[in-house]
Amino acid sequence: MRYPLLPTLLALSWPLAAGAVDAPAGLYFQHHDWVVACDNTRTCRAAGYASDDDSTLSVLLTRKGGPDQAINGRVSLQPIDDQPQPKGALHLRVQQRDLGVLAPAKDTGTYALSPTQTTAVLSALVRDGGITVVDTAGHAWPLSDKGAAAVLLKADEFQGRVGTPGAVMRKGTAAESSVPAAVAKPVVRKAATLSTPPDDPAFAKLAASPALRAALRATLKEPSCDGLLEADPDLPISNSPLQIQRLDAKHLLVNVPCWRAAYNTGDGYWVIGEKAPYQPQWVTSDAIDYGDGQIVASHKGRGLADCVSDETWTWDGTHFVATSAISGGLCRGVPGGTWELPTRVSEVR
């Protein structure tokens with residue numbers, strides 16, 4: 001069983017587009033029932049869940065980078081199968097104090113927290129907890145506060161808020177103006193690509209080249225691509241044929257299966273020149289598809305597909321630029337995941 005993407009990572013940096021040198025690396029951090037994902041624009045999203053796997057309740061707290069930024073709160077409650085279904089309006093309670101009705105949002109099963117409700121939730125998370133969503137029939141869905149303090153501190157640290165009045169954790173008297181500004185999304189210009197004629201004999205000959213396979217293997221720090229290994233009965237995809245297609249007049253794209261797991265797969269992709277020594281540029285070993293100048297990776301955290309992570313790389317005419325990375329957060333029963341938690345964003349033109 002292999003989980004190649006964000007749920008298994010705590011903090012990573014990725015190459016960004018030209019002009020985004022000052023952009024921070026993305027952050028993903030999980031502690032108990034809470035996670036935080038911060039992207040390269042300095043926006044942070046903290047998500048908390050119920051401690052009971054039989055509950056789909058979750059809260060999302062989003063804050064943009066820069067001074068004087070408010071925190072926006074949302075609630076998701078999407079019961080599945082035979083779980084209790086909410087009846088009537090949902091109310092937010094903190095320490096048994098009724099903080100009013102949750103306002104339905106556009107997406108089914110999601111609700112917007114008012115500024116007053118968001119402030120009350122934050123206060124409870126850093127103190128005594130006791131956050132519950134209750135319907136008109138009296139059924140209660142408690143929110144876990146286990147791990148919230150560590151996650152909220154990570155967000156403050158990432159955004160440079162520690163020691164300022166606007167920090168959630170470790171407030172101080174430092175000027176709010178000392179908080180680093182938000183960063184604009186990097187712009188990636190997708191280059192045009194060429195189509196490859198089917199059964200191109202030149203590509204068939206190149207795909208059979210031992211020298212090319214050796215050059216591809218040399219780009220890997222460890223034997224992390226089974227398809228490039230010599231035939232092995234214990235590795236069903238070993239010695240897989242190379243697939244080659246044209247990107248443009250100077251560059252080709254090679255892919256080969258790299259790994260297979262219970263419900264995830266990963267293919268390796270390289271940009272190469274047509275002639276030896278090929279100068280291969282490794283892109284990823286986790287992809288599932290390529291089309292129209294973009295390589296895509298998408299993987300489930302478990303078979304239910306209730307937490308999914310996605311990444312994309314976009315061809316800019318010279319190399320594939322990492323343009324997006326999104327985690328689905330914790331696996332809590334909601335098909336496709338409760339929230340989208342990006343750690344890398346960009347504008348592709």
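Tutor: Two strands pair if DSSP finds at least two bridges between them; strands (E, at least two residues) and helices (H or I, at least four) are DSSP runs numbered from the N terminus. This is a predicted model, in which local features need pLDDT of at least 70 and side-chain atom pairs count only at pLDDT 80 or more, while totals for chains, interfaces and linings use all residues. Residues are numbered from 1 along each chain as its sequence is written, and side-chain values use heavy atoms, with hydrogens and water left out.

Student: What makes strand S14 and strand S15 a pair?

Tutor: Strand S14 (residues 252–260) and strand S15 (residues 265–272) share 8 bridges, and the rule asks for at least two. The sense of the pairing is antiparallel. Within it, Asn-255 stands opposite Tyr-269 in S15.

Student: Which strands form the open sheet, and in what order?

Tutor: The open sheet has 4 strands in the order S13-S14-S15-S16, with antiparallel pairing. At its edges are strand S13 (243–246) and strand S16 (281–287).

Student: Why are S13 and S16 called edge strands?

Tutor: Each of S13 and S16 pairs on one side only. From one strand to the next, the twist averages 25°, where axes are lines fitted to C-alpha atoms and angles run from 0 to 180 degrees between N-to-C directions.

Student: Why is the link between Cys-38 and Cys-44 called a disulfide?

Tutor: The sulfur atoms of Cys-38 and Cys-44 are 2.0 Å apart, and a pair of cysteine sulfur atoms within 2.5 Å counts as a disulfide. By this rule the protein has 3 disulfides. Counting the bonded cysteines along the chain, the pattern is 1-2, 3-4, 5-6.

Student: What makes the disulfide of Cys-38 and Cys-44 right-handed?

Tutor: The torsion about its S-S bond is about 110°, so the disulfide is right-handed.

Student: How do you know that Cys-44 is buried?

Tutor: Buried means under 20% relative accessible area, exposed over 50% and partly exposed in between (1.4 Å probe, protein chains only). Cys-44 has a relative accessible area of 3%, so Cys-44 is buried. Cys-38 is buried as well. Cys-44 lies in strand S3, and its C-alpha atom is 22 Å from that of Val-321, which is 277 residues away along the chain.

Student: What makes the disulfide of Cys-225 and Cys-258 left-handed?

Tutor: The torsion about the S-S bond of Cys-225 and Cys-258 is about -85°, so this disulfide is left-handed. The pair links distant parts of the chain, 33 residues apart: Cys-225 is in the loop between helix H4 (210–218) and S13, while Cys-258 is in strand S14. The two sulfur atoms are 2.1 Å apart, and both cysteines are buried.

Student: How many cavities does a search of the whole structure find, and what makes a space a cavity rather than a pocket?

Tutor: The search finds 3 cavities of 30 Å³ or more. On a 1 Å grid over the protein atoms alone, a cavity is a set of points where a 1.4 Å probe fits but cannot get out, whereas a pocket is an open set with protein on both sides within 12 Å along at least five of seven lines. A lining residue has an atom within 4 Å of a point. The largest cavity has a volume of about 100 Å³, a volume being the space filled by probe spheres set on the points.

Student: Which residues and elements line the largest cavity?

Tutor: Of 14 lining residues, Leu-61, Arg-63, Ile-71, Leu-152 and Ala-155 are the closest to its centre. At least two residues come from each of strand S3 (44–49), strand S4 (58–63) and helix H2 (148–159), and H2 gives the largest share, 4 residues.

Student: What lines the second largest pocket?

Tutor: The second largest pocket holds about 350 Å³ of space. Of the 18 residues lining it, the closest to the centre are Ile-71, Thr-118, Thr-119, Leu-122 and Val-168. Strand S5 (72–76) and helix H1 (115–125) are the elements that give two or more residues, with the largest share, 5 residues, from H1.
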